[in-house]
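This report describes ring contacts in one protein structure. The sequence and the structure come first, and the notes follow.

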Amino acid sequence: MTITISVGSGKGGTGKSMVIANLAMLLAKAGRRVCVIDLDVGGADIHILYGLFEPDRTLTDFLTRKTENISDLIHTLNFYGVQLIPGTGDTLHTANMTFQEKKRLLRSLSTIDTDVLLIDVGAGTNYHALDFFMYADIQICVTSPEPTAIMDFYTFLQLATIRKALGSFLSMGDVGRTLRQTKFDSLSQVFEIAESIQEGSREKAQLALNNFNPLLVVNKVGSGAKINLLKLRKLASKYLGIYLPELGEIPYDEIVDEALRAYMPVAEFAPDCPAAQALSNTSEKLGKVIDLYVKKRS
Ligand SMILES: Nc1ncnc2c1ncn2[C@@H]1O[C@H](COP(=O)(O)OP(=O)(O)OP(=O)(O)O)[C@@H](O)[C@H]1O
Ligand SMILES: [Mg+2]
């Protein structure tokens with residue numbers, strides 16, 4: 001049974017790819033079969049973090065139908081056997097992906113034979129990022145403490161929640177049709193309009209959101225700005241109805257950039273540095289979340 005985990009943020013540069021590269025490696029080191037897929041539409045670069053410079057097979061081969069089997073694109077890395085499907089350098093093609101192409105891609109993800117599939121959805125709030133994010137069983141958000149990152153993170157969460165709520169109506173004739181043609185600024189607006197068309201819709205959407213509890217990773221902590229986690233949690237709970245459990249807090253650490261220049265995950269490059277220690281704690285916690293999820297599902 002594969003557990004899929006998506007990682008998103010809103011703002012760029014918060015450390016998603018760094019966190020994914022390290023968590024994937026640490027989970028693999030702990031004995032799990034792990035595959036990373038780089039669905040970052042804007043700038044796929046996880047392969048570089050592992051020192052794989054010019055991959056001969058990438059997601060482009062799947063999108064251009066050079067192959068129908070996404071598993072043909074897997075590279076097995078020297079970091080405890082982590083598997084990687086490198087992203088496409090052909091950003092234009094991905095950005096213009098049609099709904100059908102996206103469905104084909106998402107369908108193909110379920111054919112990958114692994115225990116944990118980690119998805120880098122990239123930055124931004126475009127539909128691709130939101131859909132890739134919401135596709136997964138478990139969601140992780142990586143934010144940094146600057147106010148701009150927090151604001152973008154909140155917007156990302158809000159749009160993801162709206163998209164999830166809308167998804168629950170797609171099969172409902174009138175409600176689905178009206179909602180598809182409306183633009184929304186807030187979740188309560190979605191609920192109100194849905195309920196006004198058909199009684200009971202609000203409850204249906206709220207039910208769909210019950211399982212949406214993105215795990216929070218705060219990265220680059222101590223780099224200056226302070227995060228007001230409590231306030232963020234209150235906002236998310238009051239306006240989006242979601243709870244944000246904390247998965248980890250990773251300090252700002254200059255060794256992370258040193259590891260980047262050595263093309264190695266920092267947890268392997270300098271396992272005792274503060275960032276690596278925090279990543280190790282985070283991966284242990286994530287391991288427990290995965291086990292709980294597996295237990296719940298079976
Ligand atoms: N804890 C940290 N301490 C110091 N530097 C960090 C830390 N985390 C990430 N960085 C640095 O921040 C930069 C951005 O990291 P990364 O590429 O992982 O972010 P990203 O969220 O994937 O970016 P993008 O949205 O562009 O894909 C890199 O130079 C990375 O080395
Ligand atoms: Mg990235």
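## A buried ring

In this predicted model, F212 is buried, with a relative accessible area of 1%. F133 is likewise buried, because its relative accessible area is 0% and the limit for that class is under 20%.

## The pair F133 and F212

F133 and F212 form an edge-to-face aromatic pair, with 6.4 Å from centre to centre and 85° between the planes. F133 belongs to helix α6 (residues 127–135), while F212 is in the loop between α10 (201–209) and β7 (215–221), so the contact ties together parts that are 79 residues apart in sequence.

Ring pairs also bring in F156, which joins F133 and F212 in a cluster.

## The pair F53 and Y263

Across the whole structure, a search finds 4 aromatic pairs. One of them is formed by F53 and Y263: the ring centres are 4.7 Å apart and the planes stand at 90°, so this pair is edge-to-face. It links distant parts of the chain, 210 residues apart. F53 is in the loop between α2 (46–49) and α3 (59–63), and Y263 is in the loop between α12 (255–261) and α13 (266–269).

F53 is partly exposed, with a relative accessible area of 43%. Y263 also counts as partly exposed, at 36% relative accessibility.

## Charges over rings

Two arginines sit over aromatic rings. R104 lies over the face of F62, at 3.9 Å from the ring centre. R163 has its charged end over the ring of Y127, 4.1 Å from the centre of that ring.

Key:
Residues are numbered from 1 along each chain as its sequence is written. Chains are lettered from A and ligands numbered from 1 in the order in which they are written. This is a predicted model: local features need pLDDT of at least 70, side-chain atom pairs count only at pLDDT 80 or more; totals for chains, interfaces and linings use all residues. Side-chain values use heavy atoms; hydrogens and water are left out. Rings of Phe, Tyr and Trp (its six-membered ring) pair if their centres lie within 6.5 Å; planes under 30 degrees apart count as stacked, over 60 as edge-to-face and the rest as tilted. Helices (H or I, at least four residues) and strands (E, at least two) are DSSP runs, numbered from the N terminus. Buried means under 20% relative accessible area, exposed over 50%, partly exposed in between (1.4 Å probe, protein chains only). A charge sits over a ring if NZ of Lys or CZ of Arg is within 6 Å of the ring centre and within 35 degrees of the ring normal.
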